[in-house]
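Q: Please take a close look at one part of this model and at what surrounds it. How is that part packed, and how does its packing compare with another pairing in the chain?

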Amino acid sequence: MKVATPPPTALPRSLLVLGGTSEIALATARRLIARRARTVWLAGRPSPALERAAESLRTLGADARTVAFDALDPESHEAVLGKVFAEGPVDMVLFAFGILGDQAHDERDPVRAVRVVQTNYTGAVSAGLIAGRGLQSQGHGSLVVLSSTAAERVRRADFIFGSSKAGLDAFAQGLGDALHGTGVHVMVVRPGFVRTRGTAGLPRTPLATTPEAVATAVELGLRRRSETVWVPGALRLLTAVLRHTPRRLFRRLG
């Protein structure tokens, strides 16, 4: 029996996070727990960090659980995600896993470059199709994908990472079209440079943001049933300009 579709402004009571140690994901989970979320699954490679993340959410009153998930092991995704959906309705799935890589090193080491792409893109294709099917079978839910403004036009400075996010972004949009009308809401979130432990030491860029700001934008997007969210919003206009900048000029931007 299908679960009744929640009203458009309803926020999730149950949340599955793929990439359970992500600072953006945890900021989003904390914000949703403060609203109405009660059950949170944190999926990631088993580690003390994953357990600490779950414990931090339990202190906020959530029933936080962990589940082993490896983006690079797509053969396991069906069983891992199926276990979560078998426990009860999942109101939201958040795709927050991914790696930046190291452009300078990865250009000289194709195996490392492929690892970035497999983690950020191909792992998400597998998990996205399975999660989308799970949400569709229950008749409701949101699938939120953390993309990047780097996906809009790939720069010389990070074209390996950017191309993987471009693939992820395009896939998520297509999945949203495929699920349209099924009761499943797909939302692509495109933050700019986010100040986290993972980006510490990297050059700051204009319009840099924080995990908390991304979490706020995710909540607003859920309330509005948005399909695309930019963080900060001004990046929508900036990337539109960059998208149409002649290539010979764009190269100079790095």
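A: Two parts are in contact when they have heavy atoms within 4.5 Å of each other. The model is predicted, and local features need pLDDT of at least 70, side-chain atom pairs count only at pLDDT 80 or more, and totals for chains, interfaces and linings use all residues. Residues are numbered from 1 along each chain as its sequence is written, and side-chain values use heavy atoms, with hydrogens and water left out.

Ile24, Ala25, Leu26, Ala27, Thr28, Ala29, Leu32 and Ile33 are the buried residues of H1 (under 20% relative accessible area, with a 1.4 Å probe and protein chains only). Their packing partners are the strands E1 (14–18), E2 (39–44), E4 (92–95) and E5 (141–146), together with the helices H2 (48–58) and H7 (211–224).

The axes of H1 and H7, lines fitted to C-alpha atoms over the stretch in contact, come within 8 Å and cross at roughly 50 degrees. H1 is therefore oblique to H7: angles between N-to-C directions run from 0 to 180 degrees, and those under 35 count as roughly parallel, over 145 as roughly antiparallel, 65 to 115 as roughly perpendicular and the rest as oblique. The crossing is right-handed, the near helix being turned clockwise from the far one by less than a right angle. On the H1 side, the contact residues include Glu23, Arg30, Arg31 and Arg35; on the H7 side, Glu212, Glu219 and Arg223 are among them. The contact of H1 with H7 has eight nonpolar, two polar and seven charged residues (Ala, Val, Leu, Ile, Met, Phe, Trp, Tyr, Cys and Pro are nonpolar, Asp, Glu, Lys and Arg charged, the others, Gly among them, polar).

A second pairing joins helix H5 (residues 110–138) and helix H6 (residues 159–179), whose axes come within 9 Å and cross at roughly 15 degrees. H5 is therefore roughly parallel to H6, and this crossing is right-handed. Among the contact residues are Gly128 and Gly132 of H5 and Phe161 and Phe171 of H6. This contact has 13 nonpolar, six polar and no charged residues.

Notes. Helices (H or I, at least four residues) and strands (E, at least two) are DSSP runs, numbered from the N terminus. Buried means under 20% relative accessible area, exposed over 50%, partly exposed in between (1.4 Å probe, protein chains only).
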